[in-house]
Amino acid sequence: MSITPPISQENIVVGEVANGLPLTIPVYRLKGDGTGPSVYIQANMHGAEVQGNAVIYQLLEQLKTLNLKGDITLVPYANPIGCNQKSGEFTLGRFDPITGTNWNRMYHCNNQLATQFAQQYSDADDQVLKAAFKAALTNDVEQQLNGPNYRLTTGKRIALNLQKLAHQADIVLDLHTGPISSQHLYCPEYAIDSARYFNIPHVLVIPNDFDGAMDEASFCPWWQLSEQLAQQGREFNVQVEAFTVELGSQEKIDLSAALDDANSILSYLNYKHVFVDAPYKPKTMTRYGCQLNDYIAYYAPMGGMVEYLAPLGGHIKAGEPIAKILRMERYLSEQPLQTLSFDHDAIAILHFASASVNQGTELYKFFTNVFEL
């Protein structure tokens, strides 16, 4: 007989605003029976990237009917400042307005911890090592939070509080969107087999290195520990998988698409044995991969008003038109309508949100040197 897991809510404090009142975020939890991996999912770290909240809603609607093996923690509105960062009718919230730092580049990684543990726990069995390292990661973040308050920016404090939750999980999913974007997945090299269980056609393969983001802060310490132990001749698999899931475009929610996105996530979680007898399976589709070094940003060679021509998620051939730029101030002095092309075969993944661009604006991002997974 299936037992419906209850959903609990806690509002955790991640800082204070100028009038001294607490800055809080909602955290939803579902308890499993303890036999499967634990899961952490967050959304809306960047203010305009709101679709993840709709996906968390659709996940909760289905998770409450499932028999869970692993505990699941879900955090919508992960950045309460970013999602309220408005300018007119537009949401900003990609960068901390005080420091200018990307909200998703403030996480913490102690590169020395893995070396220390590989020496200290060289003879411990895998489960003891895993539990001790997970506790050490959480403690390391708590030390950052409990250190001198004057050393922490608002964004860093929010990031550390989120990271403390994420370090308790075996699977971490950070839900984002692009400006105007197709679905794609940021996947570390060691976890590429798992990418086939999401219903996402485009996979960006990233190095197993830390560059400040939540997914990297979650998997990099475990990758480092695995590498350190390998130098001692011991095989220790990376114990945590973490991905950034790009759901589509910013500044809108689509509940129908969110249900599809939720089913995609549930397919992956079912593959990881988070549920008992769940029906979720990956769709049959061709999935295309691209290495991070082959993910090319295309910057506007001139200023003007842009008509974007390259279909997102579509394959283009080298030399094909990808955009037209209209420059009406030059109507009488030169050709006012310029056609742009790209010199690679590629897949267009995302483009700038506005038609009005300065010279040097990032117009597109393209997968190049594409391969099938």
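Which residues in helix 3 meet which residues in helix 5? The points below take up the helix contacts and then the sheet.

1. The structure is a predicted model, in which local features need pLDDT of at least 70 and side-chain atom pairs count only at pLDDT 80 or more, while totals for chains, interfaces and linings use all residues. Residues are numbered from 1 along each chain as its sequence is written, and side-chain values use heavy atoms, with hydrogens and water left out.

2. On the opening question, Leu 129, Lys 130, Phe 133, Lys 134 and Leu 137 of helix 3 meet Pro 221, Trp 222, Leu 225 and Leu 229 of helix 5, contact meaning heavy atoms within 4.5 Å. By class, this contact has seven nonpolar, no polar and two charged residues, where Ala, Val, Leu, Ile, Met, Phe, Trp, Tyr, Cys and Pro count as nonpolar, Asp, Glu, Lys and Arg as charged, and the others, Gly among them, as polar.

3. The axes of helix 3 and helix 5 (residues 214–231) come within 12 Å and cross at roughly 135°; axes are lines fitted to C-alpha atoms, for helices over the stretch in contact, and angles run from 0 to 180 degrees between N-to-C directions. That angle makes helix 3 oblique to helix 5, given that angles under 35 degrees count as roughly parallel, over 145 as roughly antiparallel, 65 to 115 as roughly perpendicular and the rest as oblique.

4. Helix 3 (residues 126–146) also packs with helix 4 (residues 154–166), at an angle of about 155° and with the axes 9 Å apart, and helix 3 is therefore roughly antiparallel to helix 4. The contact involves Thr 138, Val 141, Glu 142, Gln 144 and Leu 145 of helix 3, together with Arg 157, Leu 160, Asn 161, Gln 163 and Lys 164 of helix 4, and its residues divide into three nonpolar, four polar and three charged.

5. Ten strands form an open sheet of mixed pairing, in the order 1-2-4-3-7-11-9-10-12-21; two strands pair if DSSP finds at least two bridges between them, and helices (H or I, at least four residues) and strands (E, at least two) are DSSP runs numbered from the N terminus. Strand 1 (7–16) and strand 21 (371–372) are the edge strands, each pairing on one side only.

6. Strand 1 and strand 2 (residues 22–30) run antiparallel and are joined by nine bridges. Within this pair, Gly 15 stands opposite Leu 23, and Asn 11 has Pro 26 as its bridge partner. Five residues lie between the strands of this hairpin, where Gly 20 takes a positive phi near 90°.
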